[in-house]
Each structure stands twice: as C-alpha cells, then as structure tokens.
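Hi,

Here is the structure we talked about handing over. Please open it alongside these notes; what was found follows below.

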Amino acid sequence: MSDGLVLSGVVKTFHQAGRDLQVLRGVDFDIEPGEMVALVGPSGSGKSTLLHIAGLLERPDQGEVRIAGQAVGKLADGERSRLRRRSLGFVYQYHHLLPEFSALENVVVPQMIAGQRRAAAKARAAELLTHVGLGERLDHRPARLSGGEQQRVAIARALANQPVVLLADEPTGNLDPETAAHVFDLLTDLVRRSRVAALIATHNLELAQRMDRVLKLEQGRICGSAATEVTA
C-alpha cells in the first residue's frame, strides 16, 4: 500500500436539471512520496472534481481515497478537516494570499491553525521563503510582489505543514512562460526535498512531460500513465 495518495474505483455523479452527469467513472491511481504526477485532460473532463475528492473537499459516490495508507471514506467531517490541515497542501492558479498579511505571515497562518507555536511557525516560514528566493521580501505584502513571487509564497504556504500530499490546480497557468518555468523548477525541487506525493493538474503539456508520469483524464477515466502518451 502506498504511503502517498491512492484512489481506487472512484465514481462521482452530479445531478443537474433532472439528469445525471457522471464525471468520474472508476478512477484508479497511486502516487508515491517524492513523485510528481501530471493530470491532464480537456476542460470539463473532471480534473477539478478529481482534485476536490483527492483533497477531501468532496466525497466520491463510490470508491476509496487513502492518504498515507489511511482510508478516509468513513471519516466524519471533523476528522476529514483535521486530516486535510495536517496532511494535505493546496496550490491554485490564483494564489489566494491574504492581502493584508506579509509573505511571512501568509506562510505562518496555516501552521498556527494546525497548532504550531508562533516562533516555530515563523522559523519554518522564513526557511521556506528563503529557499524559494524570497528571503529579502518576507515583510512584503502580496500587492508589492510580482505574480511569480506571489505564487512562490503560495507554494511555500502549501508545504508549510509538511504535508503527505500536494495538490495543485494549474499552478503556473496565470504566469508568463519564463516565470512559469522558474516557478515549476522551484516546485519540483521542494517536492523532491520534502518527499511529498504531488498531483498537478495542468494544460501546459511541456511542463507535464517534465514530471514523472502523466495521467490523462478522458470521459471520466484515466486513459494513460506515461508522459509519452500525452498529445496536444
């Protein structure tokens, strides 16, 4: 059993306007610690739904999710929330930083919510931000940071609580190609160093092919598991 992320037989159906829309039709995959896996597929294929289920934000209709070997299907909402804070990190296309807080404070806050003491949280935040090249901008608020810098803060925030699983939804989609490549390099380095199991949804096929594997989601199923199978 994987110590990272495992989805087994995951099915999800939405009921809209009197009809059923089956978005996921039995999704199976696992991601090991330290592995980066791209999730690709056309718009509307269910990538965001899959990420929400993997991130314990939605429940599947059928199937099971395991985080570090723990089955989460029968956990109560409170237990799911605690596991999400402790074991999952999220990076979005739009960084969603708190505008009134500095870069350092944005990385401190999730640690304190998880129960970390302020001094230790500040030390961890400073270490991560320095590692992504923002050691001289710790006190800068998001408005004083570039888009690439803000996304680096978001990556540091996602990894602040040393999660088991990192989920990213188009983390470079709002950046120019040069900045996107730089942010991706930083993300890759942190995934390798922290041994987090990373699932990254992206439309950027060039970046997808630089990851360990590519999962192609099509008609509710995973259709490929190798970078060479990805086509534009």
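Start with helix α5, residues 147-159: its 13 residues should span 18 Å at 1.5 Å a residue, and the end C-alpha atoms lie 19 Å apart, which agrees. Bear in mind that this is a predicted model.

α5 is mostly covered. Of its 13 residues, 12 are buried. Among them are Gly148, Glu149, Arg152, Ile155 and Leu159. The cover over these buried residues includes two strands, β6 (88-92) and β7 (165-169). It also includes the helices α3 (103-113), α4 (118-131) and α6 (177-194).

Now the charged pairs. Side chains of opposite charge can pair when their charged atoms come close. There are 7 salt bridges in the structure. Three are described here.

- Asp185 and Arg210: the closest N and O atoms are 2.4 Å apart. This pair links distant parts of the chain, 25 residues apart. Asp185 sits in helix α6, and Arg210 in the loop between α7 (205-208) and β9 (213-218). Asp185 is partly exposed at 38% relative accessible area. Arg210 is also partly exposed, at 42%.

- Arg193 and Asp189: the closest N and O atoms are 3.0 Å apart. Both residues lie in helix α6, 4 residues apart, about one turn of the helix. Arg193 has 59% relative accessibility, so it counts as exposed. Asp189, at 29%, counts as partly exposed.

- Glu218 and Lys216: their side chains meet in a salt bridge at 3.9 Å, N to O. Glu218 is partly exposed at 35%. Lys216 is partly exposed at 22%.

Best wishes

Technical notes:
Residues are numbered from 1 along each chain as its sequence is written. This is a predicted model: local features need pLDDT of at least 70, side-chain atom pairs count only at pLDDT 80 or more; totals for chains, interfaces and linings use all residues. Side-chain values use heavy atoms; hydrogens and water are left out. The expected span of a helix is 1.5 Å times one less than its number of residues. Buried means under 20% relative accessible area, exposed over 50%, partly exposed in between (1.4 Å probe, protein chains only). Contact means heavy atoms within 4.5 Å. A salt bridge is a side-chain nitrogen of Lys or Arg within 4 Å of a carboxyl oxygen of Asp or Glu.
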